Amino acid sequence: MTATWAPFRLLEPGVRPGRGPRAITSREGIGDRLRSTAFAEMQAREAFRWAAEKFGADAPPGLREDWLRLADAEEKHMNWLLQRMAELQISLTERPVSTFLWDSFMKCQNAQHFAEFMSNAEERGRIAGERFRKEMAAVDSVTADLFGKIAEEEIEHIQLAGRYFPVLPNPPSPRIVSDN
């Protein structure tokens with residue numbers, strides 16, 4: 001499956017960002033985090049849809065439907081972030097984003113691997129969202145609260161793998177970590 005990543009501007013395949021995000025207390029740094037998180041949400045949306053199609057027939061009953069429901073939640077989060085960027089007049093294309101997260105999802109071989117891998121990715125995103133909420137609260141409380149709200153909603157996404165595949169209490173870590 002090939003996803004369409006418009007309206008984001010992508011780095012060349014296999015290229016990692018040459019520089020990190022700017023200071024979280026600056027307008028540009030807030031924009032960097034909104035942009036990269038919005039793109040991560042888009043990649044997660046597409047990954048849930050891809051997994052539902054690719055692994056849905058072999059997944060436990062109900063998992064395919066849950067993945068499609070979570071795809072909708074990821075889209076909602078992405079739209080909140082894009083709306084906030086528009087409110088702040090922050091350019092979506094100012095800096096390119098990487099598809100490393102998406103590329104890592106494409107390496108999953110079955111429903112269980114994808115569920116565990118996604119759970120791990122969602123946990124990393126939740127931790128980052130909580131950190132963003134705390135660190136930018138004094139500078140931009142609206143954006144900080146938005147990151148906190150998304151982080152709270154990610155908890156359900158994280159728990160999904162354990163509901164369907166309870167035999168592995170500690171899912172393996174992904175081999176590729178997103179720079180977004």
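How many residues does helix α4 have, and how far does α4 reach from its first C-alpha to its last? Some notes on that and on the helices around it.

1. Ground rules. This is a predicted model, in which local features need pLDDT of at least 70 and side-chain atom pairs count only at pLDDT 80 or more, while totals for chains, interfaces and linings use all residues. Residues are numbered from 1 along each chain as its sequence is written, and side-chain values use heavy atoms, with hydrogens and water left out.

2. Helix α4. To answer the opening question, α4 (residues 111–136) has 26 residues and reaches 37 Å, close to the 38 Å expected at 1.5 Å a residue. Helices here are DSSP runs of H or I with at least four residues, numbered from the N terminus, and the expected span is 1.5 Å times one less than the number of residues.

3. α2 against α4. The axes of α2 (residues 63–88) and α4 come within 13 Å and cross at roughly 30°. Axes are lines fitted to C-alpha atoms, for helices over the stretch in contact, with angles running from 0 to 180 degrees between N-to-C directions. That makes α2 roughly parallel to α4; the label covers angles under 35 degrees, with over 145 counted as roughly antiparallel, 65 to 115 as roughly perpendicular and the rest as oblique. Leu63, Trp67 and Glu74 of α2 make the contact with Ala111, Phe114, Ala115 and Glu122 of α4, contact meaning heavy atoms within 4.5 Å. By class that gives five nonpolar, no polar and two charged residues. (Ala, Val, Leu, Ile, Met, Phe, Trp, Tyr, Cys and Pro count as nonpolar, Asp, Glu, Lys and Arg as charged, and the others, Gly among them, as polar.)

4. α1 against α4. For α1 (residues 27–55) and α4, the axes come within 11 Å and cross at roughly 165°, so the two helices are roughly antiparallel to each other. On the α1 side, the residues involved include Ile30, Arg33, Phe48 and Trp50, and on the α4 side they include Met118, Glu122 and Phe132. The contact divides into twelve nonpolar, one polar and two charged residues.

5. α1 against α2. These two axes come within 8 Å and cross at roughly 160°. That makes α1 roughly antiparallel to α2. Their contact has 18 nonpolar, three polar and ten charged residues.

6. Helix α5 and Tyr164. The 24 residues of α5 should span 34 Å at 1.5 Å a residue, and the end C-alpha atoms are 37 Å apart, which agrees. Asp140 caps the N-terminal end of α5, placing a side-chain oxygen 3.3 Å from the backbone nitrogen of Val142. Tyr164 lies in α5 (residues 141–164), and its side chain reaches the backbone nitrogen of Leu63 at 3.4 Å. Leaving aside neighbours within four places in sequence, Tyr164 is in contact with Pro60, Pro61, Gly62, Leu63 and Asp66. Tyr164 and Gln112 are 52 residues apart in sequence, yet 8.2 Å apart in space, C-alpha to C-alpha.

7. Two backbone spots to look at. Most residues other than glycine have a negative phi, and most peptide bonds are trans. The peptide bond from Ala6 to Pro7 is cis, with omega near 10°, and Pro7 is in the segment before α1. Gln89, in the loop between α2 and α3 (100–105), has a positive phi near 55°.

Notes. A polar contact is a pair of N or O atoms within 3.5 Å; within protein, one must be able to donate a hydrogen and the other to accept it, and residues adjacent in sequence count only if both atoms are side-chain atoms.
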